[in-house]
Amino acid sequence: MSGRFDGHQVIVTGGGSGIGEATCRLFATEGASVTVLDRDSDAANRVASDIGGRAAHCDVRDSEAVDRAVRAAAEAMGGVTDLINNAGVGTAKPLLSYTDKEWALLIGVNLTGTFHGIRAAAPIMVEAGGGSIVNNASLTGVRPTRGEGPYSAAKAGVLNLTQTAALELAPAVRVNAVAPGMIHTPLTDIVVANDEWRTAAESGTPLGRVGHAHEVAEVIAFLASDAATYVTGQTIVVDGGSVLPSLQSDALLRAISESGFG
């Protein structure tokens, strides 16, 4: 049985866990050759072994390492049709308490790493006649989140970078982004494991639950697929609707409606 991504050669950064792992598994299941890039070699090897793909150690902050990894993947797979810039790190604390080192890490992985991936893979795609890039941004790039200043700034940068790349790489390469909300991954285990924090996250989400990594992977796959051949420069928010409510207006309108006003 043919798959949606038969003949595709896919690179996924941060593919050793979470959304990246789910994305690797989905593409492989649907026929793609997949290279798993991750700074955790054991995680990358585990996923690659499971899906019959390739693994490579790579810290996306290191531009030369990204260049080498992308070139090696292209040589081994016979090209690169799709790049999924998924590698990311995060933390949460008051803005003024971030150190220079923490700022550099969060911007370096989440934003600069995305740029490194685009710069390395896009020329290969253009030379081959086309391709697709999907960047993993975040809901915090759409709507700032208390405690996540550097992360939010980096992810907002990813959204802008996505649009710029879509303009400059068209018509050969489509560039889009996903913006996940609260998704259960190793990065959010600490939230999901805490009953109070998880309840707060769920209560602020119209669909009433935390999302799953495979649900984001499905949107990434859509953007890379032939179903989205006229889509570029766009961001799809995958958040269960949590970007929709304004806490103040929602509470006010609820009170008004319950009082029978009007």
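**Notebook: a first look around the chain**

I started at S242, which counts as buried because its relative accessibility is 11% (buried means under 20% relative accessible area, exposed over 50%, and partly exposed in between, with a 1.4 Å probe and protein chains only as cover). A word on what I am reading: this is a predicted model, in which local features need pLDDT of at least 70 and side-chain atom pairs count only at pLDDT 80 or more, while totals for chains, interfaces and linings use all residues. Residues are numbered from 1 along each chain as its sequence is written, and side-chain values use heavy atoms, with hydrogens and water left out.

**Entry: S242, continued**

I found S242 in the loop between β9 (235-238) and α10 (247-259). Helices (H or I, at least four residues) and strands (E, at least two) are DSSP runs, numbered from the N terminus. What does S242 touch beyond its neighbours within four places in sequence? I noted L139, R143, G204, T205 and P206; contact here means heavy atoms within 4.5 Å.

**Entry: the whole chain**

Next I stepped back and looked up ten helices and nine strands in the chain. The radius of gyration is 19 Å, close to the 18 Å from the globule rule for 262 residues, so the chain is as compact as a globular protein of that length. That radius is taken over C-alpha atoms, and the rule is 2.2 Å times the number of residues to the power 0.38. Along its principal axes the C-alpha trace spans about 65 × 40 × 35 Å.

I also wrote down that 48% of the 262 residues are buried. Of the contacts with a separation of 6 or more, 68% are between residues 24 or more positions apart.

**Entry: strand β1**

Is strand β1 (residues 9-13) enclosed or open to the outside? Five of its five residues are buried, so β1 is largely enclosed by the rest of the structure. I checked both faces: Q9, I11 and T13 sit on one side, V10 and V12 on the other, and all are buried. β1 runs parallel to strand β2 (residues 33-38), joined by five bridges; two strands pair if DSSP finds at least two bridges between them. Q9 stands opposite S33 in β2.

**Entry: a cis bond**

I came across a cis peptide bond joining A170 and P171, with omega about 5 degrees. Most peptide bonds are trans, which made me stop here. P171 lies in the loop between α6 (149-169) and β6 (173-180).

A69 belongs to helix α3 (residues 63-77) and counts as buried, at 9% relative accessibility. Leaving aside neighbours within four places in sequence, A69 is in contact with L37 and C58.

Y98 lies in the loop between β4 (82-85) and α4; at 11% relative accessibility Y98 counts as buried. Residues that Y98 touches, not counting those up to four places away in sequence, include T91, L106, G147 and P150.

E127 is found in helix α4 (residues 100-128). Is E127 buried or exposed? I noted E127 as exposed, because its relative accessibility is 74%. From E127 to A172 the C-alpha distance is 9.0 Å, although 45 residues separate them in sequence.
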